[in-house]
Amino acid sequence: MRLPPPLQFHCSRDRISKLCAFASARLCVKFHNVIAQPTPENIRRAVALLRDGQCVGMPTETVYGLAGDALNPAALARIFAIKNRPFFDPLIVHVAEGFALEHIVKKIPPPAWTLMASFWPGPLTLLFPKREMVPDLATAGLPTVAVRCPAHPVAQALLRECGGPLAAPSANKFGRLSPTSAAAVAAELGAEVPLTLDGGPCRVGIESTILAARDDGIFLLRAGGVALEELEKIVGKIEVSGGGAVTAPGMLKSHYAPRTPLARLSAPWPAGAELPPDTALLAWRGFAGADRRRARVLAPEGKAAAAAARLFQDLRELDALGVKQILCEPVPARGLGRAINDRLARAAVGVADCPGVGAFIAGGGESVKAPSRPHCQRRG
Ligand code: TXA
Ligand code: MG
């Protein structure tokens, strides 16, 4: 590994606060966020920044990441500071194909070998007991580290050139929509990141699936870019309950949210009904109303993979319309539909009334009744 050796680091709250205050102070230096083509020269530039403890925007096949040296606590503190991310939310560590995982993890349980053989490189993150050299800041003090080997060729080129692991959460402010293009990273993090490598639009469009593959079973911590059905074909039953002791601190109820309040409908929008003023619709198969500008259709052909790939971009576009609320239609809970529902449930907030049918929009990620009369007012 060619990244600088890790500093000795112990995760006292005091130490974390000091590091983050330091990282925030350094953030006073504003950058001009350069979107760079992934030429060998620009990849070397990105690596020079990473070695200097800076962060860069990295394309992956799921969403763009905000990458920093996973073994450098100051770089990790910088990631948290840029994202305004709470320290109890651990990061995913990214490795190149062929990276010797034993450097950073203590043990690789047998089902993890099977999963890696079938799904790496790809949108699958696995939890392992961490070695000392992985800073506690990366794992929020947890004894496990989440590791992923991304399939995107630019991410792989960057990881290879670095020679060491890179921590990379999605490159958005905490709780907001994940970026699926270099332009979205620049718009979201602007002057706080000096360089983003442009790897084009993300193929999968939704974050990785996270599993804990332990001796006592395999547990789903986050539905994501690899469907549960695909995983179970290879390793058998996966517990979706989270596995008791297994916790995912990042799995907060409110997450992945547009600025505009978003509410989930319990049934499709009535065919041919017009949208109320100041309302946008995230439709599943289609929208037959007149004002198409305020609607996006996730899956015109009913394909969940295509819907996942456009989910965050569509939400970002609806968010930019300046409407007062976004409604979204139900998504079939099969394949990647599960991950889409998970993101929509966490993004959903706010309460609205639909005159004639009573209150129909519930907060906290619950689904809501579709209006029989399409005149909805947001209540709070
Ligand atoms: O596709 C992805 O996974 C993207 C790309 C950039 O790789 N990354 C991503 O990172 O989604 P982030 O930070 O937005 O989500 C990471 C989540 C955390 O919120 C937490 O739920 C989970 O991973 N996580 C990380 N380490 C964990 C651990 N040791 N135990 C439980 N959950 C962990
Ligand atoms: Mg994220």
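Q: Where is R285 found?
A: R285 is in the loop between β12 (279-283) and β13 (295-297). Please note that this is a predicted model.

Q: Is R285 buried, exposed or partly exposed?
A: R285 counts as partly exposed, because 13 C-beta neighbours lie inside 10 Å, whereas a buried residue needs 20 or more.

Q: Which residues is R285 in contact with, leaving aside its neighbours within four places in sequence?
A: R285 is in contact with V297, A299, P300 and G302.

Q: And what separates R285 from K303?
A: The two residues are 18 residues apart along the chain, and 9.2 Å separates their C-alpha atoms.

Q: Back to β12. How many of its residues are buried?
A: Five of the five residues of β12 are buried, and the strand is mostly covered.

Q: Which residues are on each side of β12?
A: T279, L281 and A283 are on one side, while A280 and L282 are on the other. Both faces of β12 are covered, as these residues are all buried. In general, side chains in a regular strand alternate between the two faces of the sheet.

Q: How many bridges join β12 to β14, and do the strands run parallel or antiparallel?
A: Four bridges join β12 to β14 (residues 325-328), and the two strands run parallel. Within β14, L327 stands opposite L281.

Q: What about β12 and β13?
A: β12 and β13 also pair in the parallel sense, over three bridges. The bridge partner of A283 in β13 is V297. V297 is also one of the residues in contact with R285.

Q: Changing topic: at what angle do α9 and α10 pack?
A: Helix α9 (residues 304-319) and helix α10 (residues 337-347) pack at about 35°, and their axes are 9 Å apart. The crossing is left-handed.

Q: Which residues meet there?
A: From α9, A304, A307, A308 and L311 meet G337, A339, I340 and R343 of α10. The residues of this contact divide into six nonpolar, one polar and one charged.

Q: Now α4. Which of its residues are buried?
A: In helix α4 (residues 110-119), the buried residues are A112, L115 and F119. Seen down the axis of α4, these buried residues fall within an arc of 65°, so they line one face of the helix.

Q: Which exposed residues does the face turned away carry?
A: The face of α4 turned away from its buried side carries P110, W113 and A117, which are exposed.

Q: What covers the buried residues of α4?
A: The covering elements include β5 (124-129), β9 (209-214) and α8 (228-235).

Q: One more residue: where is P59 found?
A: P59 is in the loop between β2 (56-58) and β3 (65-69).

Q: Why does P59 count as buried?
A: P59 is buried because 30 other C-beta atoms are within 10 Å.

Q: What does P59 touch, not counting residues up to four places away in sequence?
A: P59 touches Y64, H152, V154, A155, A182, L197, G199 and C202. Of these, G199 is 140 residues from P59 in sequence, with the two C-alpha atoms 5.2 Å apart in space.

Q: Finally, the whole chain: how many helices and strands, and what share of residues is buried?
A: The protein chain has ten helices and 18 strands. Buried residues make up 50% of its 380 residues. Among contacts in the chain with a separation of 6 or more, 69% join residues 24 or more positions apart.

Definitions and conventions. Residues numbered from 1 in each chain as written. Chains lettered and ligands numbered in written order. Predicted model: local features only at pLDDT ≥ 70, side-chain atom pairs only at ≥ 80, totals over all residues. Buried ≥ 20, exposed ≤ 12 C-beta atoms within 10 Å, placed from the backbone. Contact = placed C-beta atoms within 7 Å. Axes fitted to C-alpha atoms, helices over the stretch in contact; angles between N-to-C directions. Left-handed = near helix turned anticlockwise from the far one by under 90°. Nonpolar A, V, L, I, M, F, W, Y, C, P; charged D, E, K, R; others polar. Pairing = 2+ DSSP bridges. Arc of directions from axis to C-beta.
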